[in-house]
Amino acid sequence: MAEDSGYESVICVKPEVHVYRIPPRASNRGYRAADWKLDEPAWSGRLRITSKGKIAYIKLEDKVSGELFAQAPVEQYPGSVVEAVTDSSRYFVVRIEDGNGRHAFIGLGFADRGDSFDFNVALQDHFKWVRQEGELAKQEASQTAAPKLDLGFKEGQTIKINIGNIKKKDPPAAGATKSRPVGSGLLPPPPGAKGGGLLPPPTASQPAPPTQPNTAALLDFGTPPPAAQPSLDLWGDFTTASASSSKDSVNSGWVQF
């Protein structure tokens, strides 16, 4: 029996358990609790299940002093160390050892059915954990043994990245020249203009100022319109004067007549 070194933990405690002497197995059909003297247990005390590494220990102890009566190291469950009887769920056959290589089979029974259920589940959970730990250890060992991938760039190695939705500019056609603006910044003369003449640069048209309403004309209702200015035509005065004198002479002749 291989025993792992480490801390021993308690996984189940039951305050009352009974131990029975059992007859040898007559055939391979299994043990029956009805063949035992269930009303005359050989010993009664406390049960503790502890674990140390991968091994679980079923310990039978005195209720008061805690002195060890017997223990059964369990390396596998279900297995040959703990076996259920065929006619009850409260009784088991357990193989105990004295530490000197001697072993014996005893009957183990619980007064309460719930205690026997907890006893069974505690052993199942422990060995389920043992199996999981073994699988994890195998996975770690396989990962360690596998060669590691070298994802680094080798000397001179390059990669090409393809980025979509980016259009390349077409190169200019052969013989095509790119027009350049006139260096002086002046516009060329219009067709038909005389040579040598330059047009002035266009000036930006200034916006006309907004017309202000004549508030004086709107408010002054009683002011008469301004008098007509005298004409500056000098010849007009003589023409008017001569026309007036001839008219007067005609009128005077008709009166004298």
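Colleague: Which residues does E61 touch, leaving out those up to four places away in sequence?

Modeller: A contact list shows what packs around a residue, and skipping sequence neighbours leaves the contacts made by the fold. In this predicted model, E61 touches W43, G45, R46, R48, G66, E67, L68 and F69. The residue itself sits in strand β3.

Colleague: Does E61 count as buried or exposed?

Modeller: Relative accessibility decides that, and the cut-off for buried is under 20%. E61 has a value of 5%, so it counts as buried.

Colleague: What joins the side chain of E61 to those of R46 and R48?

Modeller: Look for polar contacts. One of 2.7 Å joins the side chains of E61 and R46, and another, of 2.8 Å, joins those of E61 and R48.

Colleague: Now the nonpolar core. How many residues has the largest one, and which have the most contacts inside it?

Modeller: A core is read as a connected set of buried nonpolar residues. The largest here has 25 residues, and L47, L60, V82, L108 and F119 have the most contacts inside it. Two or more residues come from each of β1 (9-20), β2 (43-52), β3 (55-61), β4 (68-74), β6 (91-97), β7 (103-109) and α1 (113-145). The largest share, four residues, is that of α1.

Colleague: What does L47 touch beyond four places in sequence?

Modeller: Its list is C12, V13, K14, V17, I58, K59, L60, L108, F110 and F119. Of the residues with the most contacts inside the core, L60, L108 and F119 are on that list. Apart from this core lies another, of eight residues, including Y20, I22, A33 and V93.

Colleague: Which residues form a nonpolar patch on the surface?

Modeller: A patch is read from the outside, through accessible area. F153, I159, I161 and I163 form one, with about 480 Å² of accessible area together. Exposed means over 50%. I163 counts as exposed because its relative accessibility is 55%.

Colleague: Last, G53. Where does it lie, and why does it count as partly exposed?

Modeller: G53 lies in the loop between β2 and β3. Its relative accessibility is 28%, and therefore it counts as partly exposed.

Colleague: How far apart are G53 and G6 in sequence and in space?

Modeller: Sequence separation and spatial distance are read as two separate values. G53 and G6 are 47 residues apart in sequence, while their C-alpha atoms are 6.4 Å apart in space.

Methods
Residues are numbered from 1 along each chain as its sequence is written. This is a predicted model: local features need pLDDT of at least 70, side-chain atom pairs count only at pLDDT 80 or more; totals for chains, interfaces and linings use all residues. Side-chain values use heavy atoms; hydrogens and water are left out. A nonpolar core is a set of buried Ala, Val, Leu, Ile, Met, Phe, Trp, Tyr and Cys residues joined through side-chain atoms within 4.5 Å. Buried means under 20% relative accessible area, exposed over 50%, partly exposed in between (1.4 Å probe, protein chains only). Contact means heavy atoms within 4.5 Å. Patches are made of residues with over 30% relative accessible area and no salt bridge: like charges are joined within 9 Å, nonpolar side chains (Val, Leu, Ile, Met, Phe, Trp, Tyr) within 5 Å. Accessible areas come from the Shrake-Rupley method with a 1.4 Å probe; for residues, only the protein chains shown count as cover. A salt bridge is a side-chain nitrogen of Lys or Arg within 4 Å of a carboxyl oxygen of Asp or Glu. A polar contact is a pair of N or O atoms within 3.5 Å; within protein, one must be able to donate a hydrogen and the other to accept it, and residues adjacent in sequence count only if both atoms are side-chain atoms.
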